[in-house]
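Please look through the structure shown below. The paragraphs that follow take it one part at a time.

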There are 2 protein chains.
Amino acid sequence: MLVGWSARIEQGDHVVVRVAEGAHDLAVAVAEQLGERGATIATAYAADEVSRAYLRGHDGDFETPEHELALYEHADAVLSLGGGRNTFATADVDGDTRQASARAVDPVREARLATDWVSTVHPTRSLAQQAGMSYEAYQDFVYDAVLRDWGALAGEMQQLKETLDAGSELRLVTERTDLTMSIEGRTAVNSAASVAYDSHNLPSGEVFTAPYATEGTVHFDVPMTISGSRVRDVILRFEDGRVVDHAADVGEETLTDILDTDEGARRLGELGIGMNRGIDRATDNILFDEKMGDTVHLAVGRAYDACLPEGESGNDSAVHVDLITDVSDDSRLEIDGDVIQRNGRFRWEEGFDADGSA
Amino acid sequence: MLVGWSARIEQGDHVVVRVAEGAHDLAVAVAEQLGERGATIATAYAADEVSRAYLRGHDGDFETPEHELALYEHADAVLSLGGGRNTFATADVDGDTRQASARAVDPVREARLATDWVSTVHPTRSLAQQAGMSYEAYQDFVYDAVLRDWGALAGEMQQLKETLDAGSELRLVTERTDLTMSIEGRTAVNSAASVAYDSHNLPSGEVFTAPYATEGTVHFDVPMTISGSRVRDVILRFEDGRVVDHAADVGEETLTDILDTDEGARRLGELGIGMNRGIDRATDNILFDEKMGDTVHLAVGRAYDACLPEGESGNDSAVHVDLITDVSDDSRLEIDGDVIQRNGRFRWEEGFDADGSA
């Protein structure tokens, strides 16, 4: 799925495989597929504990790793196999060091993003723990999320994309949410887990766009960890596209810090609609959570260029923080007054209840 | 020891760290040192199981990985951290595939060897098993071998190098060995585990040269595994520099195959004298065994250029197979008739017995 559907690897492609500490078995499977397709392979060891040791040893005056830059500049595709052994492995690296290093390696990141890159994860005990699940159940969860009929889902998501592209105003209503935003002139992305769709995550399964002129109140009921802090039951109130009030039952301070980062951090950068019904629960991992079927997520901060008119720049910010709300119950999504989803059912699905009378 | 003494890493050096499956902890320690010195770091995952999967998946028509080549061409140093989880991990990859791949990646190998490269191993359970040792005892063994006073040993080895460089004929005598060879015009290498000495292994601790015109019989009593086969108690008889008779108590067929590879495989390419007394036993790993104190090794096959007069090419062969003999007892090494080592003691060491009367 990763090598074929997602990355579209072909004979002669120069592929970098980035292997996290716990992703060995997936690296073995990927290597066999790359061999079968006649691609070349170079492997990088992407171990958080190695990064931590390097960063903590360093005085902070970083240089760009020219050799690593050359590797990615000569690569056609990069497959990042996540899956570490401790989600807090770099928790004691200070922020300044982290940022100084990020600036020095930014050309490497840019070169990587210029390839046909795909990020995925291999199920590890650490990720199972983060999800509050047994290792065995977590493995099933990951494979259910990844092994979809992506072609069929892409077709379904295309309908939603076209509806969003044609629409002007979007309204989201849940038990404690009533929010409107403009999507006029914006282009939705059909994120079907393949570079052929400009989609670079496996799993994926979301349609997202870049809204603006947001008004009203939204409640996010899916709990998550942001920058190492638990956050749950966030409420944001918007006026003129800007967050003017916020609260959270847990992690309100973290939320305040995010919103205070810069002016763009108080405006929406993304509205995404989760379409992957293989993801049936939140696991505190944004790669999965934001694609969960029957959810909608909004991100404060930076918008994606792909959603904007050519040459136009969207909401600008140093952050992009996703927050998620469950729409499986007591909820509806309207575009220009037409209900396109109610209680998690889209209007083209069986069981869709247009007027909420069921 | 690896980053400082061996590789001489300095501020701004672009370093590739190649990490075997079991070498994670060493990679963490090395990364911290690289950070402290202000070097940059790129990590490669050198996992035998990944190589096996790639090679077995491939149809055999390999291309050069241009991206990996670019990585090494832009690197100043390469630290290879060996230590896998199964010394037979690639045993079921066929020889033709292996050779075809080796030809395609040869430019990458050449680029790597053009850097300040150093190979070492991290103690793993797999290597302990190969050595017939407990994991705990094997860890002690590895650190005893590596954590030497290399500066002092380099000084001692320099004496032996100068003696060999000045000599014409070398004679090795043990209980079942009486062998003479010419070393006239050849240059010995003082292999002190540092790129500053043109020495690329950690541990090291040997002085080696390229002999010729070998005559007589030699018995190798240190058992080893060669190409996956156990070999022990090898006897070779030389006439006019060429093996004319051979036998082995175990693995004679393997020995015959090696000697029949090509004409050069019947001539000596190397005589090495083990000087690392931190290595006190054979562990069936040539990186350690050939440097063991109180041993001498001879290799049939290819000679090293560093031992030869500028522009002259030594014994040429597709193979270079080391065989080791214990010289701690009942043994002597003579140069031009002078005993330079008897029963493992060099003539500059306490307890040296020049005339064997002790």
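In which loop of chain B is Pro203(B) found? The model here is predicted, and in it Pro203(B) sits in the loop that runs between β7 (189-191) and β8 (206-209) of chain B. The peptide bond leading from Leu202(B) to Pro203(B) is cis, with omega near 5°. Chain A has its own cis bond, from Leu202(A) to Pro203(A), and omega is near 5° there. Pro203(A) lies in the loop between β7 (189-191) and β8 (206-209) of chain A.

The next topic is how the two chains are related.

The size of an interface is often given as the accessible area lost when the parts come together. For chain A and chain B, the area buried between them is about 3400 Å², with 66% of it on carbon and sulfur atoms. In terms of residues, 42 of chain A are in contact with 42 of chain B. Polar contacts do occur: between chain A and chain B, 16 residue pairs are counted, with both residues at pLDDT 80 or more.

On the side of chain A that touches chain B, the elements giving two or more residues are β1 (14-19), α2 (24-37), β2 (40-45), α3 (48-57) and α4 (66-73) of chain A. The largest share of this side, eight residues, comes from α2(A). Sorted by class, the side of chain A that touches chain B holds 20 nonpolar, 13 polar and nine charged residues.

Within chain A, consider next a pair of side chains. His219(A) is placed in strand β9 (residues 212-220) of chain A, and Asp233(A) in strand β11 (residues 229-239). Their side chains make a polar contact at 2.8 Å. With a relative accessible area of 8%, which is under the 20% limit, His219(A) counts as buried. Besides Asp233(A), the residues that His219(A) touches are Arg176(A), Thr177(A), Val234(A), Ile235(A) and Thr325(A), leaving out residues up to four places away in sequence.

Asp233(A) also has a backbone feature: its phi is near 50°, a positive value in a residue other than glycine. Asp284(A) has a positive phi too, near 60°, again in a residue other than glycine. Asp284(A) is located in the loop between β13 (268-274) and α11 (286-289) of chain A. Asp284(A) is buried, at 13% relative accessible area.

The last stop is Phe346(A), in strand β18 (residues 345-346) of chain A. Is Phe346(A) buried or exposed? Its relative accessible area is 2%, so it is buried. Leaving out residues up to four places away in sequence, Phe346(A) touches Glu156(A), Leu160(A), Ile273(A), Met275(A), Arg277(A), Ile340(A), Gln341(A) and Phe352(A). Leu333(A) lies 13 residues from Phe346(A) in sequence, and the two are 9.1 Å apart in space, C-alpha to C-alpha.

Key:
Residues are numbered from 1 along each chain as its sequence is written. Chains are lettered from A and ligands numbered from 1 in the order in which they are written. This is a predicted model: local features need pLDDT of at least 70, side-chain atom pairs count only at pLDDT 80 or more; totals for chains, interfaces and linings use all residues. Side-chain values use heavy atoms; hydrogens and water are left out. Contact means heavy atoms within 4.5 Å. Buried area is the accessible area (1.4 Å probe) that two parts lose on being put together, summed over both. A polar contact is a pair of N or O atoms within 3.5 Å; within protein, one must be able to donate a hydrogen and the other to accept it, and residues adjacent in sequence count only if both atoms are side-chain atoms. Helices (H or I, at least four residues) and strands (E, at least two) are DSSP runs, numbered from the N terminus. Ala, Val, Leu, Ile, Met, Phe, Trp, Tyr, Cys and Pro count as nonpolar, Asp, Glu, Lys and Arg as charged, and the others, Gly among them, as polar. Buried means under 20% relative accessible area, exposed over 50%, partly exposed in between (1.4 Å probe, protein chains only).
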